[in-house]
Every structure is written in structure tokens, then in C-alpha cells.
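This report covers two places in one protein chain. Please keep the structure in view while reading.

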Amino acid sequence: MTDEEALRRAIALSAEAATTPGCEPFGAVVLREGEIVGEGFNRARGKLDPTSHGETEAIRDACARLGTLDLSGCTVFTSCEPCALCVATMQITGIARVVYAAALSDSARVLADVPKDRRRGGDVEALRREAGVPIGQGRIPARQMLVAEAVAVLEGWAKG
């Protein structure tokens, strides 16, 4: 499957999502060695899951189909430039590259007037700025407590 064919499939999924209740028009596929191993589209409203973006759904599907959390060498094709959440998911799973159609600026412009009852939206630039900073240094205040207790659980698990 070519890059263009895979990206057209992601766009087709976004069109399907646009007509599916509880979904938003963002679709993605994961390819490994030219074959689709995962597909998904944004189901955040329907699932009441803010992490249910097209890319994360496609990655979840690929991990389930392949029986692994390691998607090294795979490519994500997505109808829109991925947000920081989706990029982090790609990095965690080892995605090798991303091919996308619309830019985040395109979706922000086109969807700017969509009411919040249809789309929660958000400040993409703020999310990009804050995604990599330690917790508590961005917009969300944080307090750390009970470190020793939590570390003890981690140590116990690490010892097997």
C-alpha cells in the first residue's frame, strides 16, 4: 500500500466518523510493511474518553491485533496533524514516522465556531508548549505526596 493510499484510507475514516454519532471527523491508520494493522477514528464524545483520538484508536487497534505495545517500524497516517497527546502515544509505542493531511491550524480554523456541545476543542499551541514540561509548571497545579509509599510499590513490582 502506498503512502497516498494509506492517507486516503485515513481520510475515508474521518468521513465515516463525521457521520457517526458521538464521533469527530478525525481518522487514522497504522501501517507495518505496507499493510494496515490498525484503524481508528475519534470516538471521544461517544466513549466519554478524551484520549479517544483517531491516532490513539488506530494505535490501540494495532497493538491489539499484533499483540504488542511495540510498534517500532510502523507508520501512522492521519487525516489531521496529530496533537501532543497523539504524538506522545506514538513515541511511547515506537512509531517510526507520521504522514498527515490537514494541519492543526486548518482544523482550528474550520472548527472554530463548532459549539462545545459538539466539540470540546482546546488551545493546541498551549498543549504543545506544556506537554513536555514537568507537572505543576504548566496550567495544572500539582502537589506531590506519599512518595516513599508509591516508590515501594514500584520497587516491589520491579523485583518481580
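## Thr75

In this predicted model, Thr75 has a relative accessible area of 8%. Because that value falls under the 20% cut-off, Thr75 counts as buried. The residue belongs to strand 3, which covers residues 75-80.

Leaving aside residues up to four places away in sequence, Thr75 is in contact with Val29, Val30, Leu31, Ile95, Arg97, Val98 and Val99. With one of these, Arg97, there is also a polar contact between side chains, at 3.3 Å.

Helix 7 takes in residues 147-159, 13 residues in number.

How many of the 13 residues of helix 7 are buried? The number is zero, and helix 7 therefore lies largely in the open. Just after helix 7 comes Gly160, with a positive phi of about 80 degrees.

## The nonpolar patch

Val147 is located in helix 7. Its relative accessible area is 41%; because this lies between the 20% and 50% cut-offs, Val147 is classed as partly exposed.

Together with Val151 and Leu154, Val147 makes up a nonpolar patch on the surface. The accessible area of Val147, Val151 and Leu154 together is about 240 Å². An α-helix has 3.6 residues a turn, so residues three or four places apart point the same way.

Terms used:
Residues numbered from 1 in each chain as written. Predicted model: local features only at pLDDT ≥ 70, side-chain atom pairs only at ≥ 80, totals over all residues. Heavy atoms only, no water. Helix = DSSP H or I, 4+ residues; strand = E, 2+ residues; numbered from the N terminus. Buried < 20%, exposed > 50% of the residue type's maximum accessible area, 1.4 Å probe, protein only. Polar contact = N/O pair within 3.5 Å; in protein donor to acceptor, adjacent residues only side chain to side chain. Contact = heavy atoms within 4.5 Å. Expected span 1.5 Å × (residues − 1). Patch = residues over 30% accessible without salt bridge, like charges linked within 9 Å, V, L, I, M, F, W, Y side chains within 5 Å. Areas by Shrake-Rupley, 256 points an atom, 1.4 Å probe, with all protein chains shown as cover. Salt bridge = Lys/Arg side-chain N within 4 Å of Asp/Glu carboxyl O.
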